[in-house]
Amino acid sequence: MKIAVLTNNEVSKPLIEWLKEMGENVTVIGDRIDLTLVDKIKPDLIVIYSYKYLIPDDVIKMMDDGIINLHISYLPWNKGADPNIWSFLDNTPKGVTIHKADQGMNTGDILIQEEIVLNESEETLLSSYTKLHDALFDMFKSNWKYLRERRIIPSKQKKGGSVHKSAELDRFRHIIEDKGLTISIKEFKKLCAETE
């Protein structure tokens, strides 16, 4: 199967390597995708994983249900940027979701998702991020056969939730730059509250 993996993040490397080991024909794309590129590659499936661009409507229409997105949040909460961090700052459910891509930002029908319990007293920004990506990768591998064959019946996302843009985290970035990603979630939340 020809698979285009859209990514801008090193975190996708294990998934890409695993797909190749499974015998899939994988093309990795980090730039903006458009109809011309999709027509040239002719993928059977597009997998989006840590990709910073929205998919154009004409690409979504051309792929006719053949685009899935992997996201480290428990949708409908924390659509968009920095879902791990916002799940702690907003005190929303944490988890991982694989969903169909549509014209919105993480708004497509859900294929699979799993809620993940993370202890704020024990986790750091880095450890929680890593645990979510590990859980997402495991969920992807366990369900790959059904995802590949499009045998999972999607369900509509619940109403509500939340969405965040990258710029929203700017007021707290100095904390991350100063303390690093190994700062505990508990301390990070405390320092963010003091910044408000």
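Reader: How do the residues lining the largest cavity split by class?
Author: There are 5 nonpolar, 5 polar and 1 charged. Ala, Val, Leu, Ile, Met, Phe, Trp, Tyr, Cys and Pro count as nonpolar, Asp, Glu, Lys and Arg as charged, the others, Gly among them, as polar. This is a predicted model, where local features need pLDDT of at least 70, side-chain atom pairs need 80 or more, and totals for chains, interfaces and linings use all residues. Numbering starts at 1 along each chain as its sequence is written, and side-chain values use heavy atoms, without hydrogens and water.

Reader: How many cavities of 30 Å³ or more are there?
Author: The structure holds 1. About 30 Å³ of space lies in the largest cavity. On a 1 Å grid over the protein atoms alone, a 1.4 Å probe fits in a cavity but cannot get out; lining residues have an atom within 4 Å of a point.

Reader: Which residues line this largest cavity?
Author: I72, S73, Y74, N78, P83, N84, S87, P93, K94, G95 and L132. Helix α4 gives the most, with 3 residues. Helices (H or I, at least four residues) and strands (E, at least two) are DSSP runs, numbered from the N terminus.

Reader: Where does K94 sit?
Author: In the loop between α4 and β6 (95-100). K94 is buried but has no salt bridge. Buried is under 20% relative accessible area, exposed over 50%, partly exposed in between (1.4 Å probe, protein chains only). A salt bridge puts a side-chain nitrogen of Lys or Arg within 4 Å of a carboxyl oxygen of Asp or Glu.

Reader: Which side chain of opposite charge is nearest to K94?
Author: E120, 4.7 Å away.

Reader: New topic. How much space is in the largest pocket?
Author: About 1,000 Å³. A pocket is an open set of points with protein on both sides within 12 Å along at least five of seven lines.

Reader: What lines the largest pocket?
Author: It has 38 lining residues, and S50, G80, A81, D82 and P83 lie nearest its centre. Elements giving two or more residues are β3 (45-49), β4 (67-71), α4 (83-89), α5 (125-148) and α6 (170-179). The largest share, 5 residues, comes from α5. By class, the lining has 20 nonpolar, 14 polar and 4 charged residues.

Reader: And the second largest pocket, what's its volume?
Author: About 150 Å³. Its lining includes L45, D65, K100, R150 and R151. The classes there are 7 nonpolar, 1 polar and 4 charged.

Reader: Which residue does K100 form a salt bridge with?
Author: D65, with the closest N and O atoms 2.9 Å apart. K100 lies in strand β6 and D65 in the loop between α3 (57-63) and β4, so the pair ties together parts 35 residues apart in sequence.

Reader: Are these two buried or exposed?
Author: K100 is buried, at 17% relative accessible area. D65 is partly exposed, at 48%.

Reader: How many salt bridges does the structure hold?
Author: It holds 13. Another joins D109 and K156, whose closest N and O atoms are 3.5 Å apart. D109 sits in the loop between β6 and β7 (110-115) and K156 in the loop between α5 and β8 (163-164), so this pair ties together parts 47 residues apart in sequence. D109 counts as buried, at 18%, while K156 is exposed, at 66%.

Reader: What about K141, which residue pairs with it?
Author: D138, with the closest N and O atoms 3.9 Å apart. Both lie in helix α5, 3 residues apart, so about one helical turn separates them. K141 is partly exposed at 30%, and D138 is partly exposed at 43%.

Reader: Which residues do shared partners join into one network?
Author: D82, D170 and R173, through salt bridges.

Key
Points joined across faces, edges and corners; volume = space filled by probe spheres on them. Lys, Arg positive; Asp, Glu negative; His and termini not counted.
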